[in-house]
Amino acid sequence: MVQVGPAEVNLFGWWRSRGSAARFDLFVRYTFYLSFVFLPPLVLLGLAPEISTTAMVVVIAALLANGYLGIRLAHFGIEHHLGRAPYPRRQLTIYVAATCVAVAAGQLVYPDPLPGKPDSPGDGISVIFLILMITSLSAVCRPRTLMLVALAGGAWMFLTAPPGHALFITVMLQFLVAAFRSTLWMLSVVWELDRSREVRANLAVAEERLRFARDLHDVVGRNLSVVALKADLAAQLARRGRDTAIDEMLEVRRIAHESLDELRAVVSGYRTADLSAELAGARSLLASAGIDCRVIGDVTFDGEPAGALGWAVREGVTNVLRHSEARSCTITLRGKVLTMTNDGVSLASFRFGSGLTGLHERIAALGGSVTASPEPPNRFVLTVELP
């Protein structure tokens, strides 16, 4: 049996606790950052036989410094692109200046090709620094500016390298511009969709609250206003010694009893929902929040069991909206067994809350059972079974 250590559990829990947008954000960032880790060694392996040990040490030091500046610039550029930080003008100026110095120094030290080679070591140094510069600038500059920078880099290579190599480098730099900028555009779209989905879910919950508040106001508000007016009238009649004050107070009592009955009806209607209506409402409410909802099965019974399962549907939908980042939800009804399955649940942050506890108490009073549990990788299953 394979045992999983605490560090692995924490790592998996941390990853699963992140939403889809946060995961894609991390992927995009490391796409930029890892370019500074994997590309330099490939070029250094090709340069090692062509330059001295001292020159290799200098190139490695320059690449490390350039990598630090480039990763820092890419980080601030992505944050600016997402509207979380100001434009990194200072970091951009320092990085571009350092890169230009490194490219020029490589060409000055190694201007000519080695015997039997079509290009010089300086060309290899220029290529790696140009690629890294385009990578970092893709997080900062606009596409038009990036294309001009890539063309300028290609023109530089035409001045120093063979035409075939220079053309290949020019095309590659343009490809990097398109690849990195499209990835950054997708990142902004993903975050925008995530924010829109959260807003829709909050609006759906707020709409349900407003519906209940509106029903409560319409049913009880008018009667309470009448009670206030009748009570004031009875007080004035009592001050004048009129016997009709008694009749007014009896009327106040009658209206108060009616209001109490209507209030109970409103609360009962909110807490004991019709199962068919709740299933239809769940589909509509989740769809308005951008969640695909499927209902499988038909309602073949009514009465108290249907009302209890209707409450289960309402509680389950509330949990989907408030405590998950679900994209789909399936509600299955087989006899008196209701199953709700949704994705987008963090296993690390799962808790059996007060809403599910109340549902368990309500179902247990009818002799039924409630099972709520997460399932890897990010699913949550709520099962309610009545006898």
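Student: How many bridges join strand E2 to E3?

Tutor: Six bridges join E2 (residues 328–334) to E3, and the two strands run antiparallel. Keep in mind that this is a predicted model.

Student: What do E2 and E3 form, and how many residues lie between them?

Tutor: They form a hairpin, with two residues between the strands. Look at Gly335 in the turn, where phi is positive, at about 65°.

Student: Which strand is joined to E3 by six bridges besides E2?

Tutor: That is strand E5 (residues 379–385), which runs antiparallel to E3. Here you can find Met340, whose bridge partner in E5 is Leu382.

Student: In what order do the strands form the sheet?

Tutor: The order is E1-E2-E3-E5-E4, five strands in an open sheet with mixed pairing. E1 (292–296) and E4 (369–375) stand at the edges with a single partner strand each, so one side of each has no neighbour in the sheet. From one strand to the next, the twist averages 10°.

Student: Do E1 and E2 run parallel or antiparallel?

Tutor: Parallel, with five bridges joining them.

Student: How do I think about the side chains of a strand, and is E3 mostly covered or uncovered?

Tutor: The general idea is that side chains in a regular strand alternate between the two faces of the sheet. As for E3 (residues 337–342), five of its six residues are buried, so to speak mostly covered.

Student: Which helix lies across E2, E3 and E5?

Tutor: Helix H11 (residues 304–323) does, running at about 10° to E3.

Note on methods
Residues are numbered from 1 along each chain as its sequence is written. This is a predicted model: local features need pLDDT of at least 70, side-chain atom pairs count only at pLDDT 80 or more; totals for chains, interfaces and linings use all residues. Side-chain values use heavy atoms; hydrogens and water are left out. Buried means under 20% relative accessible area, exposed over 50%, partly exposed in between (1.4 Å probe, protein chains only). Helices (H or I, at least four residues) and strands (E, at least two) are DSSP runs, numbered from the N terminus. Two strands pair if DSSP finds at least two bridges between them. Axes are lines fitted to C-alpha atoms, for helices over the stretch in contact, and angles run from 0 to 180 degrees between N-to-C directions. Contact means heavy atoms within 4.5 Å.
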